[in-house]
Amino acid sequence: MLIHLRKIATPLKPKLSSSLNKLYSDRPLKHSPLLKLPFQHSVQTLTRPQLEALVLSRFSQGKFFDLLQNVVASPSVLFTASQNLITPLPSNRLNAPESLLSLDMVSSCFSVEDMARELYENRFDVGACCVRLESSEEKGEFLVLPNLKLKVLLEAMKMVLEIVYDERFVTFSYGGRVGMGRHTAIRYLKNSVQNPSWWFTVAFRRRKFDSVHVNKLCLLVQEKIKDDILILMLKKLFELEAVQIELGGCYLGRGFPQESGLCSILSNIYFNGFDKEIQQIRLQKNEENPKFSLNGTVSFHNPVKIYAVRYLDEILVITSGSKMQIMELKSQVLRYLEGNLELEVDRMNTAIHSAVSEKISFLGMELQAVPPSVLHPPMSEKAIRARKKYLRQKEVRAIELRNARERNRKKLGLKILSHVFKKLKRTDGLKSEFQIEKEVTEIFRNWADEVVRDFFESLEDNTEWHRPLSAGDFLSLKHIRNQLPVDLVNAYDRFQDQVNKHLNPLKAKKEKAREDEEKRLVEEERYAKRTVEDLTRLCIKVEAPIELVRKAVKMIGFTNKMGRPQPISSLIALEDTDIIKWYAGVGRRWLDFFCCCHNYKMVKTIVTYHLRFSCILTLAEKHESTKREAMKHYSKDLKVFDLNGKEEMHFPTEREVKMLGERNLADPYPVDGAFSLFLIRLVTDEDSYPCIAHFCNRTDSILYRVRLLQKTLNVNPSNGVEWVRGMGVIHESLNQRCLPLCADHISDLYMGKINLQDLDCTLSLDMD
């Protein structure tokens with residue numbers, strides 16, 4: 001089969017405005033005679049402290065000067081940015097102990113020194129690094145993507161801007177920051193927000209940043225950075241659409257190719273003034289409603305609090321006050337967003353909701369204010385009975401184990417004594433080549449100590465021995481004691497004292513009664529505290545939107561109309577391992593994303609049952625076999641074998657899913673980019689192409705055709721009835737394009753370890 005190649009998209013070279021022509025000015029640059037040019041330094045990987053020192057060296061009089069020419073243009077900074085683009089990244093990307101990328105691998109794509117010189121001399125051509133992808137439809141939208149060289153520049157600018165602004169952002173600003181992801185925001189809502197009564201989320205109309213917003217962004221950057229070339233570079237990136245910020249578009253922070261790596265930090269800079277305004281309102285409200293405590297007195301005073309969380313363009317505002325206060329707060333928020341930031345707010349969908357009676361959607365999850373007993377419910381009567389039964393069974397097993405141990409010791413002791421007695425009868429003495437007297441003595445001593453300890457800890461044994469030793473003895477009678485020797489009477493009294501001291505069950509009974517009373521008091525105190533908290537305190541319950549998840553499962557084809565698993569015919573063209581990896585990538589992303597939710601078990605059920613058996617049915621349909629035969633061949637854990645015959649398991653096992661829970665704070669990508677993308681392998685007689693993953697030097701790649709979910713189903717994503725609300729889509733211009741990928745990176749793409757943003761999609765092919 002012959003495949004004809006069409007012309008690949010050409011780089012953009014638009015006509016530049018007069019303001020942007022300054023980027024190519026012929027005026028001589030001012031060099032400091034004592035400063036060494038940045039591209040003359042040796043190329044090496046920079047750690048976080050080294051990069052911070054380099055950026056802070058350009059700080060003077062409250063501003064940073066000439067960061068693009070003196071920091072971004074450094075070959076070491078560009079080389080470090082190149083390492084950050086490699087996937088998967090280390091846990092701390094700027095503190096990696098060893099280099100993951102060699103300079104030769106980068107030089108095979110472009111020269112770091114030449115790029116640094118172009119940036120320093122203001123000769124870097126941004127238009128030549130942009131590729132425009134046309135949509136397959138006549139009225140479709142086009143997409144402008146940066147190539148790998150421009151991606152390195154964007155990553156270097158992002159690194160520098162993070163160091164400049166990260167410590168200046170407020171604490172409730174999440175997204176695009178190290179250690180400040182979705183799960184961190186959810187953890188803050190669950191642990192810090194108390195007694196929410198009203199809240200609202202800000203909904204923006206879908207609109208891209210135009211020249212007004214770009215100029216506003218540049219003015220905000222100029223407040224802290226004095227660098228005309230950097231400002232002109234930002235304007236040019238927006239003019240060429242190599243960097244786009246679209247509010248209300250459901251694609252920021254999802255790993256889609258239409259999102260640039262610079263969007264997150266620029267969004268945070270743009271909203272930083274809004275964050276400061278909210279922070280000022282919070283501080284003012286705290287001064288008006290101070291918190292006080294009365295020593296020794298129970299107080300139910302709850303001062304009015306204002307909370308806010310912003311993740312890129314998603315904003316949530318919460319208050320514990322009245323509805324009039326939240327309405328006033330909402331008017332202040334909208335006034336600042338529409339007036340100062342000149343953004344279009346969808347007032348219809350920016351509605352105030354009751355935190356107690358209504359759920360609100362935020363960060364792809366559902367929030368609701370509930371009493372603490374809902375999050376941590378007390379044990380039911382049935383559970384209490386089951387626990388008591390378990391404790392009784394545990395006690396019986398312990399008694400049986402102790403009796404068996406005593407029986408075995410008795411048998412062993414009799415055998416040892418019998419053996420020693422026979423040896424002594426047959427010979428004059430017991431002789432042995434080994435001196436074991438100490439060992440035997442130690443064994444018997446340990447046995448004796450353990451038997452005595454178990455005896456004194458047993459209330460039944462103490463009662464059984466105390467009764468005959470202390471009751472009915474004639475030596476306790478006075479007229480008998482007077483007729484006996486004093487030494488005998490004293491010995492008897494001392495013996496009775498020791499019996500009462502060690503064997504009297506009354507002391508043990510009193511101790512047990514005291515412990516039971518303490519347990520009862522602790523339980524009553526816990527019940528009273530729980531009751532008071534339920535009446536006076538509200539917490540936030542975070543749940544996965546199960547209805548939306550089920551709608552997505554049905555829309556993609558995991559289940560039929562009856563909710564039962566079914567095969568996906570579009571995946572039959574893939575290899576068996578690729579089919580399993582695709583299902584595993586979708587399942588693991590769902591498990592990672594919703595691991596902090598209260599109804600996590602329901603998500604586990606969807607992954608364990610619907611996705612697992614849909615995968616088994618897809619494999620069965622591909623090989624024209626039954627479900628039973630497929631399960632017998634692949635097993636329920638979907639085991640496969642590699643080329644070396646080694647067993648592999650990509651799909652999470654049932655035991656693994658059962659043990660999952662809330663894990664470390666992270667910022668996982670939603671599952672949108674995993675199940676909305678089908679990659680079908682092509683068979684072609686053309687020469688192999690290099691892998692388009694960042695800095696991958698492998699040439700043994702395979703072509704995969706991109707099939708987007710919205711095009712396969714012929715569904716309009718803007719239609720809320722047909723599409724899942726809040727689920728993003730990959731840009732339509734990538735549909736039917738071919739991606740050359742090596743075996744390692746196609747596996748990572750299926751498993752969800754990387755996404756299309758981690759690939760150089762400008763090298764994708766348009767094939768018939």
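The model is a predicted one. A search of the whole structure finds 5 cavities of 30 Å³ or more. The sheets are an open one of 3 strands with antiparallel pairing and an open one of 5 strands with mixed pairing.

**Cavities**

- The largest cavity holds about 140 Å³ of space.
- Its lining consists of 17 residues, and those nearest the centre are Gly673, Ala674, Leu677, Leu749 and Tyr750.
- Two or more lining residues come from each of α21 (576-593), α25 (672-675), β18 (677-681) and α27 (743-751).
- The lining of the largest cavity comprises 12 nonpolar, 4 polar and 1 charged residues.
- The second largest cavity has a volume of about 70 Å³.
- Around the second largest cavity lie Phe204, Arg205, Arg207, Lys208, Phe209, His213, Leu247, Glu342, Leu343 and Glu344.
- The lining of the second largest cavity divides by class into 4 nonpolar, 1 polar and 5 charged residues.

**The sheet of 3 strands**

- The strands follow the order β13-β14-β15 in an open sheet, and their pairing is antiparallel.
- From one strand to the next, the twist averages 40°.
- Strand β14 (residues 365-370) is joined to β15 in the antiparallel sense over 5 bridges.
- Leucine 367 is placed opposite valine 542 of β15.
- Helix α7 (residues 182-192) lies across β13, β14 and β15, and runs at about 145° to β15.

**The sheet of 5 strands**

- This open sheet has the strand order β5-β10-β11-β6-β12 and mixed pairing.
- At its edges are β5 (173-174) and β12 (353-354), each of which pairs on one side only.
- The pairing of β5 with strand β10 (residues 306-311) is parallel and extends over 2 bridges.
- Tyrosine 174 stands opposite tyrosine 311, which belongs to β10.
- Helix α12 (residues 323-340) packs on the sheet and touches β6 (198-202), β10 and β11 (314-319).
- The direction of α12 makes about 15° with that of β6.

**Helix α20 with helix α22**

- The axes of α20 (residues 546-556) and α22 (residues 600-622) come within 11 Å and cross at roughly 10°.
- Because of this crossing angle, α20 counts as roughly parallel to α22.
- In the contact, Ile546, Val549, Arg550 and Val553 of α20 meet Met602, Val603 and Ile606 of α22.
- The contact of α20 with α22 contains 6 nonpolar, no polar and 1 charged residues.

**Helix α1 with helix α6**

- Helix α1 (residues 48-56) packs with helix α6 (residues 148-165) at an angle of about 75°, and the axes are 10 Å apart.
- The angle therefore makes α1 roughly perpendicular to α6.
- Helix α1 contributes Arg48, Leu51, Glu52 and Val55 to the contact, while α6 contributes Met159, Val160, Glu162, Ile163 and Val164.
- By class, the contact of α1 with α6 has 6 nonpolar, no polar and 3 charged residues.

Definitions and conventions
Residues are numbered from 1 along each chain as its sequence is written. This is a predicted model: local features need pLDDT of at least 70, side-chain atom pairs count only at pLDDT 80 or more; totals for chains, interfaces and linings use all residues. Side-chain values use heavy atoms; hydrogens and water are left out. On a 1 Å grid over the protein atoms alone, a cavity is a set of points where a 1.4 Å probe fits but cannot get out, and a pocket is an open set with protein on both sides within 12 Å along at least five of seven lines; lining residues have an atom within 4 Å of a point. Grid points are joined across faces, edges and corners, and a volume is the space filled by probe spheres set on the points. Helices (H or I, at least four residues) and strands (E, at least two) are DSSP runs, numbered from the N terminus. Ala, Val, Leu, Ile, Met, Phe, Trp, Tyr, Cys and Pro count as nonpolar, Asp, Glu, Lys and Arg as charged, and the others, Gly among them, as polar. Axes are lines fitted to C-alpha atoms, for helices over the stretch in contact, and angles run from 0 to 180 degrees between N-to-C directions. Angles under 35 degrees count as roughly parallel, over 145 as roughly antiparallel, 65 to 115 as roughly perpendicular and the rest as oblique. Contact means heavy atoms within 4.5 Å. Two strands pair if DSSP finds at least two bridges between them.
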